[in-house]
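This briefing is intended to be read beside the sequence and the structure shown below. Its points are grouped by topic.

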Amino acid sequence: MRPVVPYVTAALLFGLGTYGVLRRRNAVLVLMAVELMLNAVNLILVTADATVRAALPHAGQVFALFVIVLAAAEIGVGLAIVLQLYRLRASVAVDEVPLTEPPAGSPAEHAGRATTTGEVTR
């Protein structure tokens, strides 16, 4: 078996996934790009297992299985975060997510919270 074709395919998939992570604004599409990168790693692991005679038989396939389990857990947690973000902000744009807390006493701290009469302040 010629291992060049799977390695080149995996490199292209990984590059496409990297481009998707760096250029996308939608959090769901970023998660899809990360999955593409993980699948490229799986392709490399299985190809290396098939072409290289290692001391442990089928080690690449076992590692690929662990990567699949990791990807499933990442999607579960990632989609839960994205759904919560959508519920709070009505948007899943990654560049609009605040990474720090607003300073104490700022107007942004009280924005969107209910007042004592039950109305929402904006």
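L65 is exposed in this predicted model, because its relative accessible area is 52% and the cut-off for exposed is over 50%. The residue belongs to helix 3. T47, by contrast, counts as buried, since its relative accessibility is 4% and buried means under 20%.

- The C-alpha atom of L65 is separated by 10.0 Å from that of L45, and the two residues are 20 residues apart along the chain.
- T47 is located in helix 2.
- Between the C-alpha atoms of T47 and V4 the distance in space is 9.5 Å, although these residues are 43 residues apart in sequence.

**The buried acidic residue E35**

- Helix 2, which spans residues 27-51, also holds E35.
- E35 is buried but takes part in no salt bridge.
- For E35, the nearest side chain of opposite charge is that of R24, at a distance of 15 Å; a salt bridge would require a side-chain nitrogen within 4 Å of a carboxyl oxygen.
- Once neighbours within four places in sequence are set aside, the contacts of E35 are with A71, E74 and I75.

**The second largest pocket**

- The second largest pocket holds about 170 Å³ of space.
- Two elements, helix 2 and helix 3 (59-89), each give two or more residues to the lining of this pocket.
- Helix 3 supplies the largest share of that lining, with 4 residues.
- The lining consists of A27, V30, L31, G78, I81, V82, L85, V92, V94, V97 and L99.
- By class, 10 of the lining residues are nonpolar and 1 is polar, while none is charged.

**The chain as a whole**

- The protein chain contains 4 helices and 0 strands.
- Read from the N terminus, its elements follow the order α-α-α-α.
- Of the 122 residues in the protein chain, 20% are buried.
- Taking contacts between residues at least 6 apart in sequence, 50% join residues that are at least 24 apart.

Terms used. Residues are numbered from 1 along each chain as its sequence is written. This is a predicted model: local features need pLDDT of at least 70, side-chain atom pairs count only at pLDDT 80 or more; totals for chains, interfaces and linings use all residues. Side-chain values use heavy atoms; hydrogens and water are left out. Buried means under 20% relative accessible area, exposed over 50%, partly exposed in between (1.4 Å probe, protein chains only). Lys and Arg count as positive and Asp and Glu as negative; His and the chain ends are not counted. Contact means heavy atoms within 4.5 Å. On a 1 Å grid over the protein atoms alone, a cavity is a set of points where a 1.4 Å probe fits but cannot get out, and a pocket is an open set with protein on both sides within 12 Å along at least five of seven lines; lining residues have an atom within 4 Å of a point. Grid points are joined across faces, edges and corners, and a volume is the space filled by probe spheres set on the points. Ala, Val, Leu, Ile, Met, Phe, Trp, Tyr, Cys and Pro count as nonpolar, Asp, Glu, Lys and Arg as charged, and the others, Gly among them, as polar.
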